[in-house]
Amino acid sequence: MSGQRSDVIIVGGGLVGAASALALTRAGWRVVLIEGRLPDFSALEQGWDARIYAVSPANRAFLERLNAWPDGSRIGTINVMDVCGDAGGRIAFHASDAGAEALAWIAENRWLLAALWRELEAAGIEVVSGVRPVALHSSASEASLQLDDGSTRRAALIVGADGANSWVREACAIKGAIKPYGQSGVVANFACEKPHQGVARQWFDGTSILAWLPMAGARISMVWSSPDPDALLALSPDDLAELVAAAGGHALGKLELLAPAAAFPLRLIQPEAVIAPRVALVGDAAHTVHPLAGQGVNLGFQDAAVLAELLAGGGDAGEWLTLRRYERSRREAVRTMQHTCDGLFTLFHQLDKPLLGWLRNAGLSLTHKLPLVKRELARRAIGF
Ligand SMILES: Cc1cc2nc3c(=O)[nH]c(=O)nc-3n(C[C@H](O)[C@H](O)[C@H](O)COP(=O)(O)OP(=O)(O)OC[C@H]3O[C@@H](n4cnc5c(N)ncnc54)[C@H](O)[C@@H]3O)c2cc1C
């Protein structure tokens, strides 16, 4: 077969694809990264990015090992998580409940991406940008990708890191269940009048879920999972800031919008498989979850870490038994997170069932009083 050959081709240079490229290179493989759209590097580290991630301690350690953790001046710390139900239920987790330094760190998407792409360059990883694959073939010994510039690339393994609408997943004819939540996540950043003291706040009101996440300095990032995102996006900056402040009981005083709000549709995607002959899926290509627990990209970083770890021994990067081990190793963590988030979403959106209303609020308050259960929940949430 013609075309340049490497050990691994990664399709998609978002956070998970870039992290996979670095981790697999560190594991000794010759990696090529194919990204359809090159990031605009001049704009990556400017302004405030409304798209933020609550990065777990396990994933911070992973990114630090890759030398791709952003500058500390842009990082917020979650020391406490305060969750309010729709009828008086309440639970608070402290980092000390999990015996950890922090529950999570808040990092902006563009700063994370810049740190990862800087390291891709420093590591000398070949990046082919501005092209997209048009055909994927796999044989017993390798896989090949035909690109839309007419060239062909070959490798022992192709990693699909091309997001929720993954082309690689489709090219492998992997079917999946897709459940739209009928909501979008509206994201925006605000300066706040009072210090947030590292407290992340979340309110379930029966129709929407509002989260305030502490950023660096006196700033918060909002993720409002709402059935009517257009109504929020249509508001003037001042009206949106006042609505968000009021929805959170003015807990941080007056808010001021830092950059325009944006919305992204929320869907649960569960492919029937995350591997195919000589192909592995990672990140949103392999799964999506409701953002109520802030775990989407965390699952993706763990896919990258586990895949690189399983492939660290050398040999054939696309060996079927190793891919099966990858699928098995990730199945439980991904399913547990998807079921937990989906279950909580359903539980807090059953307004017509009064018994459930009592149960969910009593459940929150009861769990709050059970230190051992709380410790276990907190430890799971941060990726122990
Ligand atoms: C607008 C928006 C806002 C979000 N905000 C939040 C948030 O605030 N908090 C949160 O936790 N989650 C948020 N999410 C979800 C979160 O972004 C994802 O969970 C995370 O980015 C997944 O990373 P990924 O690398 O797997 O996929 P992606 O980030 O989707 O990256 C996929 C990459 O693949 C490239 N690509 C796609 N198709 C091809 C192709 N055929 N060929 C070559 N390259 C291709 C894309 O250009 C992209 O760079 C948001 C999502 C969106 C869309």
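Reader: Which are the buried residues of α8?

Author: The buried residues of α8 are Val297, Asn298, Leu299, Gly300, Phe301, Asp303, Ala304, Ala305, Val306, Leu307 and Ala308, where buried means under 20% relative accessible area, exposed means over 50%, and partly exposed lies in between, with a 1.4 Å probe and protein chains only. The model is a predicted one, in which local features need pLDDT of at least 70 and side-chain atom pairs count only at pLDDT 80 or more, while totals for chains, interfaces and linings use all residues. Residues are numbered from 1 along each chain as its sequence is written, and side-chain values use heavy atoms, with hydrogens and water left out.

Reader: How many of the residues of α8 are buried, and what does its length tell us?

Author: Helices are DSSP runs of H or I with at least four residues, strands are runs of E with at least two, and both are numbered from the N terminus. An α-helix has 3.6 residues a turn, so residues three or four places apart point the same way. In α8 (residues 296-310), eleven of the 15 residues are buried, and the helix is mostly covered.

Reader: How many residues of helix α4 are buried, and what follows the helix?

Author: Ten of the 14 residues of α4 are buried, so this helix is largely enclosed by the rest of the structure; among them are Trp111, Leu112, Leu113, Trp117 and Glu119. Helix α4 (residues 109-122) reaches 20 Å from its first C-alpha to its last, close to the 20 Å expected. After α4 comes Gly124, with a positive phi near 70 degrees.

Reader: Which way do the residues of strand β5 point, and which strands does β5 pair with?

Author: Two strands pair if DSSP finds at least two bridges between them. In β5 (residues 80-84), five of the five residues are buried, so the strand is largely enclosed by the rest of the structure; Val80, Asp82 and Cys84 point one way, and Met81 and Val83 point the other way. With strand β6 (residues 90-94), β5 pairs in the antiparallel sense over five bridges, and the bridge partner of Val80 there is His94. With strand β13 (residues 199-204), β5 runs parallel and is joined by five bridges, and Cys84 stands opposite Trp203.

Reader: Which polar contacts does the side chain of Asn189 make?

Author: A polar contact is a pair of N or O atoms within 3.5 Å; within protein, one must be able to donate a hydrogen and the other to accept it, and residues adjacent in sequence count only if both atoms are side-chain atoms. Asn189 lies in strand β12 (residues 176-192) and counts as buried at 1% relative accessibility. The side chain of Asn189 reaches the backbone oxygen of Asp49 at 2.9 Å, and it makes a polar contact with the side chain of Ser221, also given as 2.9 Å.

Reader: How many residues surround the ligand, and which are the closest?

Author: A residue is near a molecule if one of its heavy atoms lies within 4 Å of it. Here 23 residues surround the ligand, and the closest are Glu35, Arg51, Ile52, Tyr53 and Asp284. An oxygen atom of the ligand is 2.8 Å from an N or O atom in the side chain of Arg51, and a polar side-chain atom of Arg132 lies 3.2 Å from a nitrogen atom of the ligand.

Terms used. Expected span 1.5 Å × (residues − 1).
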